[in-house]
Amino acid sequence: MASYRYERDIDPKDLKPRKQRQYSRRERWANWWDYNLKWVLLFGIAGAFVAYCFIGQYFLTTHPDYNVAVVSPYYLPEATVTALQEQLAAYGEDCNGDGKVVVKINQYTMAFNSEDSDAYLDMAGTTKLSTDIQSSLSSIFILYDPAGFQQTTGTLRYLDGHLPKSDADSDWWNMVYRWTDCPVLTGMELGSYTSDAVQSASGDSQQLLADYYIGIRGAWLKESASLLENSEPLWANLTAGAVSTAGEGR
């Protein structure tokens, strides 16, 4: 119970409840912003980031119609890769409906069964190539060493479309064309290359690719078959008129 000496000095007016203030709409809006501004900013920034990623991924990023892998002990010169992508696109179709045909070259550095290879480059190339094969990303392969590639990955199919058995790796020469076997490939205008970040010499791109082979991967599963289906017309166009000589001089 409160002491009398405190109660005696109380003014009865002080005991009346204060009238609740009525805030205007503008004042209520200002108070809301004062308490919630930081959350609005945080959600706004998060929303803008998500929108940027979505727009960048689906509208500003160029999606290739075809992925072609180059597997060799060294990277091809940038000028050769650029020219090759442009020339290959001329034999493809607009598979994703974006109004243009785009071929992307995926390069993997691997020197099969070579003691002089760079272990770090081989390790990185092996990891990236394994991811490519597991995801059925690239369907057509331009190979420096098709025997080593098939022995290591078992990925290629026969030129007649049949799938090889697990013990048919030594039959690789029936799964590829030499670059020079294909009139379409040798007729491409690839120009020349000069020394760059990956190539110390200069020369003619067609001469550089003359030592390569080309093959198409097989599809043992329905999922991979559907992913690779669009590449069949491109493969047929690139190898039109080709006669394999890959078995000569083995």
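## The second largest pocket

The model you are looking at is a predicted one, and the pocket in it has a volume of about 160 Å³.

What kinds of residues line the second largest pocket? The lining divides into 4 nonpolar, 4 polar and 2 charged residues.

## The largest pocket

The largest pocket has a volume of about 180 Å³. Strand S1 (66-72) and helix H8 (222-228) are the elements that give two or more residues to its lining. The residues around this pocket are Pro-64, Asp-65, Tyr-66, Asn-67, Ser-135, Ser-136, Leu-137, Ser-139, Leu-227, Leu-228, Asn-230 and Ser-231. By kind, the lining of the largest pocket holds 5 nonpolar, 6 polar and 1 charged residue.

If you wonder how such spaces are found, rolling a probe the size of a water molecule over the atoms shows where empty space is left.

## Ser-136, a residue worth a visit

Is Ser-136 buried or exposed? Its relative accessibility is 9%, so Ser-136 counts as buried.

The backbone here deserves a look as well. Most residues other than glycine have a negative phi. Ser-136 is not a glycine, yet its phi is positive, at about 55 degrees.

## Aromatic rings

How many aromatic pairs does the structure hold? There are 5 aromatic pairs. One of them joins Phe-141 and Phe-149, with ring centres 5.0 Å apart and planes at 45 degrees, a tilted arrangement. Phe-141 has a relative accessible area of 0%, so it is buried. Phe-149 is buried as well, because its relative accessible area is also 0%.

Elsewhere, Tyr-74, Tyr-144 and Tyr-212 come together as one aromatic cluster.

Phe-149 brings us to helix H5, where the buried residues are Pro-146, Gly-148, Phe-149 and Gln-150. Just after H5 comes Gly-154, with a positive phi of about 60 degrees.

Further along, Lys-165 is found in the loop between H5 and S4. With a relative accessible area of 67%, above the 50% cut-off, Lys-165 is exposed. Lys-165 and Gly-154 stand 11 residues apart in sequence, and their C-alpha atoms are 9.1 Å apart in space.

Side chains of opposite charge can pair when their charged atoms come close. In this model the count comes to 1 salt bridge. The partners are Glu-232 and Arg-157, whose side chains meet at 2.8 Å, N to O.

Where do the two partners lie? Glu-232 belongs to helix H9 (residues 231-238), while Arg-157 is in the loop between helix H5 (146-153) and strand S4 (176-178). The two are 75 residues apart, and the pair links distant parts of the chain. Glu-232 has a relative accessibility of 33% and so counts as partly exposed. Arg-157, at 12%, counts as buried, because buried means under 20%.

## Another meeting across the sequence

Ala-83 has its place in helix H3 (residues 78-89). Its relative accessibility is 12%, so Ala-83 counts as buried. In sequence, Ala-83 and Glu-189 are 106 residues apart, but in space they are 7.7 Å apart, C-alpha to C-alpha.

## Cysteines

How many disulfides are there? The count comes to 0 disulfides. Two cysteines can still be described by their surroundings. Cys-95 is partly exposed, with a relative accessible area of 31%. Cys-182, by contrast, is buried, with a relative accessible area of 0%.

Terms used
Residues numbered from 1 in each chain as written. Predicted model: local features only at pLDDT ≥ 70, side-chain atom pairs only at ≥ 80, totals over all residues. Heavy atoms only, no water. Phe/Tyr/Trp six-rings, centres within 6.5 Å; stacked < 30°, edge-to-face > 60°. Buried < 20%, exposed > 50% of the residue type's maximum accessible area, 1.4 Å probe, protein only. 1 Å grid on protein atoms, 1.4 Å probe; cavity = no way out; pocket = protein on both sides within 12 Å on 5 of 7 lines; lining within 4 Å. Points joined across faces, edges and corners; volume = space filled by probe spheres on them. Helix = DSSP H or I, 4+ residues; strand = E, 2+ residues; numbered from the N terminus. Nonpolar A, V, L, I, M, F, W, Y, C, P; charged D, E, K, R; others polar. Disulfide = S-S within 2.5 Å. Salt bridge = Lys/Arg side-chain N within 4 Å of Asp/Glu carboxyl O.
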